[in-house]
Amino acid sequence: MINKQANITLISGIVLSVVCSVVCLFFSVICALLCLFLGIAISTLFYCITKNRLKAINKLNNYLSLVCSGNYDMDISENTEGEISILKNNLLKVVVLLKTQNEQLEKDKLYLADSLADITHQLKTPLTSMTVMSDLIKNESDAQKQQEFLCVMDGQLDKMNYLISSLLKISKLDAGTTVMNREAVNVNALFDNALSSFGGVITKRNITVLRDLNDCEIFCDKFWTVEAFQNIIKNAIEHISDSGVLTFSSTSTALFDEVCISDNGCGISKEDLSHIFERFYSCNNSSSESVGIGLALSKTIFEKQRATVEVESTPDVGTTFRIKFYKTVV
């Protein structure tokens with residue numbers, strides 16, 4: 001195809017040169033020869049340029065065919081001057097983008113498979129427990145024993161409800177279907193709402209709550225930020241003993257407002273510290289009721305609001321979560 005188009009161009013140029021030369025013979029032989037020579041030279045030069053251009057275009061076309069079949073290994077990054085070079089560079093950008101997206105899709109597939117396996121494992125335990133409790137209730141005539149089994153089933157149902165609810169929330173955040181509404185919210189009001197769900201357990205376990213909060217206003221989504229705080233508070237309560245201490249504090253700078261949630265519990269080991277925000281990860285000292293999803297959800301919520309969360313912990317001393325809400329988008 002390339003040679004055909006180039007040959008047509010060359011033949012057309014030569015024919016036109018001969019015709020012009022014949023016309024020039026009526027005026028001068030020298031003009032006719034000069035016209036013939038220049039015509040053939042220009043046609044030959046144009047033929048070479050056209051042939052090289054068509055070869056370059058054909059090479060790009062073949063490369064695009066390979067890209068469509070999933071082969072991204074060819075290198076077309078060599079640069080020369082001209083529009084073909086510009087086309088090559090733009091094509092390379094598109095190919096790099098497609099390759100990156102393809103790799104990300106593969107990672108997402110693996111992540112989805114791992115997540116489904118983890119979810120199946122997490123749901124299997126309470127379902128198995130409830131199945132066993134159901135069989136025991138059927139064969140148990142003692143009303144008190146039946147009540148104990150029902151309490152166990154209620155606990156497992158609560159665990160499943162929390163797991164499913166958290167997974168749905170994370171899925172909505174990951175899919176980008178949740179809109180975070182930034183508004184000024186008083187930090188004391190945030191913790192009043194966050195603590196409202198733990199009043200019973202705090203009283204029952206005689207946990208002391210200390211506040212060292214200034215009266216600053218944090219720009220955040222109130223609903224989702226309360227949800228994130230509750231998951232961190234829940235984690236803290238699970239790791240402190242009865243009569244433990246839970247401390248909330250805040251500081252403000254020109255750049256950000258920082259909120260700290262601290263406890264004097266068992267702490268987190270150095271090996272576990274870098275993994276605590278991973279989904280379904282359970283530390284060595286996690287309670288049997290922990291499903292390893294709450295802190296992952298909190299981190300996702302903070303990140304969606306351009307906030308950052310860090311954790312410091314010392315075994316047998318306690319743990320501190322530091323959340324920074326930036327006053328400008330970073």
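Is Cys266 buried, partly exposed or exposed? Select Cys266 to start. This cysteine counts as partly exposed, because its relative accessibility is 27%, and the buried class ends under 20%. Keep in mind throughout that the model is predicted.

**Stop 1**

Now select Cys220. Cys220 is buried, with a relative accessible area of 0%. Look around its sulfur for a partner. The nearest cysteine sulfur belongs to Cys216 and sits 9.9 Å away. Cys220 is therefore in no disulfide, as the cut-off is a sulfur pair within 2.5 Å. The count of disulfides for the model is zero.

**Stop 2: the sheet**

Switch to cartoon view and find the open sheet. Five strands make it up, in the order β2-β4-β5-β7-β6, and the pairing is mixed. Colour residues 208-212 and 308-314. From one strand to the next, the twist averages 15 degrees.

Next, show β5 and β7 together. These two strands run antiparallel and are joined by eight bridges.

**Stop 3: the largest core**

The core as a whole has 47 residues. Show side chains for Phe229, Ile233, Phe302, Phe321, Ile323 and Phe325; these have the most contacts inside it. In soluble globular proteins, nonpolar side chains tend to be buried together.

Centre on Phe302. At 0% relative accessibility, Phe302 counts as buried. Setting aside neighbours within four places in sequence, its contacts include Ala228, Phe229 and Ile232. Ala307, Val309, Ile323 and Phe325 are also in contact with Phe302.

Stay on α7 and pick Asn235, which lies in this helix. Asn235 counts as buried, at 15% relative accessibility. Beyond residues up to four places away in sequence, Asn235 touches Leu295 and Phe321.

**Stop 4: the rings**

The model has eight aromatic pairs. Begin with Phe229 and Phe302. Their pair is tilted, at 6.1 Å centre to centre with 50 degrees between the planes. Phe229 lies in helix α7 and Phe302 in helix α9 (residues 294-304), so this pair links distant parts of the chain, 73 residues apart. Phe229 is buried, with a relative accessible area of 0%.

Which geometry do Phe256 and Tyr326 show, stacked or edge-to-face? Their ring centres are 5.8 Å apart and their planes stand at 70 degrees, so the pair is edge-to-face. Phe256 is in strand β5 (residues 256-263) and Tyr326 is in strand β7 (residues 318-326), so the pair ties together parts 70 residues apart in sequence. Both ends are buried: Phe256 has a relative accessible area of 16%, and Tyr326 has 17%.

Finish by selecting Phe191, Phe229, Phe248, Phe302 and Phe325. Ring pairs link these five into a cluster.

Key
Residues numbered from 1 in each chain as written. Predicted model: local features only at pLDDT ≥ 70, side-chain atom pairs only at ≥ 80, totals over all residues. Heavy atoms only, no water. Core = buried A, V, L, I, M, F, W, Y, C linked by side-chain atoms within 4.5 Å. Buried < 20%, exposed > 50% of the residue type's maximum accessible area, 1.4 Å probe, protein only. Contact = heavy atoms within 4.5 Å. Helix = DSSP H or I, 4+ residues; strand = E, 2+ residues; numbered from the N terminus. Phe/Tyr/Trp six-rings, centres within 6.5 Å; stacked < 30°, edge-to-face > 60°. Pairing = 2+ DSSP bridges. Axes fitted to C-alpha atoms, helices over the stretch in contact; angles between N-to-C directions.
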